[in-house]
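Here is a guided walk through one protein model. Keep the structure in view and follow along step by step.

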Amino acid sequence: MITIKRLTLQDRLKYKSFMFQWLYKQVEQSLNDPMESERFMLIGAESQGVPVGLLVLEQRGGYGHAVLQCIFVSKPWRRQKIATSLLQEARILCMEKEMATLSLSYYSDKSSTDTIEALLHKEGWIQPQCESVVFHIHLGSGIAEATWLRERAIPNGLELFLWADQEEGQLRQSIETGELDFPSFLSPFKTFAPLEPSNSFGIQSTQGVQGWSMTYRLDEDTILYDALYIAPEYQQFGLAFQMLGRSIRVQTEAGIPHAMFTVNQSTPIMMKLSRQWLAPYSWKTSEKRSSYIRLG
């Protein structure tokens, strides 16, 4: 018999193997921060006290919205509607906390994609939409030598810096003081995976931070390029591709073979440039898809 139960954060060790490493670290960190004590909600599935499934929710937006960060069922227990039960319990929990929406994002090229989409359809979620296109590139393809990534001089008054060399609090303050206006998907403070300190760059003027190129380590051999932003007054200098080129050269020198570049659908100019300049070096493309359900 399967038991679905709401877990305490202290139950995390029992379910550690069911979580992404980066997610487990964030759950760990939330335990030491009183301001984030309710950030994560865990729901487990057990058979005679043995974990067989896990769902992890992250509360966002002033805790008015939840993101489904993980849903996993151990292989011997699949096709027994455990994922359905976990998802239904998650929905009840969110409604009890008076949340407006529950959402998730996933990739189209995973073995679990069809199962996820069938489950969402069955449970009445909004039809998944393509949020971003992901270009998968092996650095042995020659992209590091592409002419559009060649090193150029940084304009006077601007300085390129390693993002990890500055305190996060100072970076946040600089961005807020400069009143930079950018969509949430270009935020340099996302926490879905560990920041790659070796090739995440920012660019600054005497007035503060003016842009960034953020990368994340997905595994030992793969770096994800996820958020590239330049303040409007500096976009004519080609700084985005200068930072991108520097990041790729650092990765190449470090011998990390795989790179993934995420380009959001709502940035048509960047999408056009990516299809022109990234696609020729890409061995495949996939989609990052998103869906949500309204609660209450």
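Cys130 has 24% relative accessibility, so Cys130 counts as partly exposed. The cut-off explains the label: buried means under 20%, and exposed means over 50%. Keep in mind that this is a predicted model.

Cys94 has 0% relative accessibility, so Cys94 counts as buried. Cys94 is in no disulfide. The nearest cysteine sulfur belongs to Cys70 and is 15 Å away. A disulfide would need the two sulfur atoms within 2.5 Å.

Helix α1 spans residues 21–31. Its buried residues are Trp22, Leu23, Tyr24, Gln26, Val27 and Ser30. What covers them? The cover includes three strands: β2 (40–47), β3 (50–60) and β4 (65–73).

Follow those strands onward. β3 and β4 run antiparallel, and 8 bridges join them. On to β5, residues 101–107. β4 pairs with β5 in the parallel sense, over 3 bridges. Here His65 has Thr101 of β5 as its bridge partner. Between these two strands the chain passes through helix α2, residues 82–96. This β-α-β crossover from β4 to β5 is right-handed. In a regular strand, side chains alternate between the two faces of the sheet.

Is Met99 buried or exposed? At 3% relative accessibility, Met99 counts as buried. Look also at Arg60, which lies 39 residues from Met99 along the chain. The C-alpha atoms of Met99 and Arg60 are separated by 9.7 Å.

Last, the nonpolar cores. The largest has 38 residues. Those with the most contacts inside it are Met19, Leu42, Leu54, Val56, Trp163 and Trp212. Take Leu42 as an example. Setting aside neighbours within four places in sequence, Leu42 is in contact with Lys5, Arg6, Leu7, Leu9, Met19, Leu54, Leu55 and Val56. There is also a second, separate core, with 25 residues. Ala45, Leu55, Leu86 and Met99 are among them.

Conventions
Residues numbered from 1 in each chain as written. Predicted model: local features only at pLDDT ≥ 70, side-chain atom pairs only at ≥ 80, totals over all residues. Heavy atoms only, no water. Buried < 20%, exposed > 50% of the residue type's maximum accessible area, 1.4 Å probe, protein only. Helix = DSSP H or I, 4+ residues; strand = E, 2+ residues; numbered from the N terminus. Contact = heavy atoms within 4.5 Å. Pairing = 2+ DSSP bridges. Right-handed = clockwise from strand over helix to strand, strands pointing away. Core = buried A, V, L, I, M, F, W, Y, C linked by side-chain atoms within 4.5 Å.
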